[in-house]
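Open the structure in your viewer and show the side chains. This tour goes from ring to ring.

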Amino acid sequence: MKIGVLALQGAFIEHRKKLFELGVNSFEIRNKKDLTQNMDGIILPGGESTAIGKLLRELDMLEELKTQIENGLPAFGTCAGLILLAKKVEGAQPLLGIMDISVKRNAYGRQLGSFFTEADFKGLGKVPMTFIRAPYITRAGSSVTVLSEVEGRIAAAEEKNMLVTSYHPELTSSLKIHQYFLEKFCGK
């Protein structure tokens with residue numbers, strides 16, 4: 001099994017460390033050519049969604065990435081990655097616009113509003129969640145399954161070949177969410 005990790009900006013190294021802990025090969029996706037590598041899934045990490053979107057356009061990667069995910073490539077988006085996948089982003093243009101969700105960026109406030117909690121994740125029980133200037137899902141389409149809520153707000157969901165979290169599972173000691181993605185979406 002081989003997972004690509006979008007490495008333009010954000011917490012990509014932390015995701016690669018989680019994959020390594022799980023015994024899964026990974027590689028960094030830094031340009032359009034990297035998208036041609038054979039992979040069983042892709043992780044779109046947290047970071048600054050505006051910066052990641054700008055780089056995806058400048059490097060001519062946006063359409064190729066969108067096509068691959070629309071054609072079934074399993075995708076796991078955390079925080080900014082969730083924003084990249086959303087069909088609607090409040091106050092901004094969608095980037096990939098694939099997943100039938102609407103999101104609010106920086107919904108929990110500024111950097112000082114960042115927090116840690118534990119909450120239920122459907123099928124996994126309680127999982128640790130680190131929120132950093134996190135978005136949340138304000139609307140989930142009928143084909144979207146809500147997996148987790150925090151303070152009455154949707155914090156994790158899945159649709160078809162896509163899993164998203166508004167928090168950073170790569171910044172906790174738990175491997176549960178990465179394992180869930182690999183088993184359910186990538187066939188590990």
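Below are the stops, with what to select at each.

The model is predicted, so local features need pLDDT of at least 70, side-chain atom pairs count only at pLDDT 80 or more, and totals for chains, interfaces and linings use all residues. Residues are numbered from 1 along each chain as its sequence is written, and side-chain values use heavy atoms, with hydrogens and water left out.

**Stop 1: a tilted pair**

How many aromatic pairs does the structure hold? There are six. Rings of Phe, Tyr and Trp (its six-membered ring) pair if their centres lie within 6.5 Å; planes under 30 degrees apart count as stacked, over 60 as edge-to-face and the rest as tilted.

Select Phe76 and Phe181. Their ring centres are 5.3 Å apart and their planes sit at 35°, so this pair is tilted. Phe76 is in strand β4 (residues 75–78) and Phe181 in helix α5 (residues 176–185), so the pair ties together parts 105 residues apart in sequence. Helices (H or I, at least four residues) and strands (E, at least two) are DSSP runs, numbered from the N terminus.

Phe76 is buried, at 0% relative accessibility. Phe181 is buried too, at 1%. Buried means under 20% relative accessible area, exposed over 50%, partly exposed in between (1.4 Å probe, protein chains only).

**Stop 2: a stacked pair**

Select Phe115 and Phe131. This pair is stacked, with 4.6 Å from centre to centre and 10° between the planes. Phe115 is partly exposed at 23%, whereas Phe131 is buried at 1%.

**Stop 3: a cluster**

Select Phe76 again, with Phe121, Tyr180, Phe181 and Phe185. Ring pairs link these residues into a cluster.
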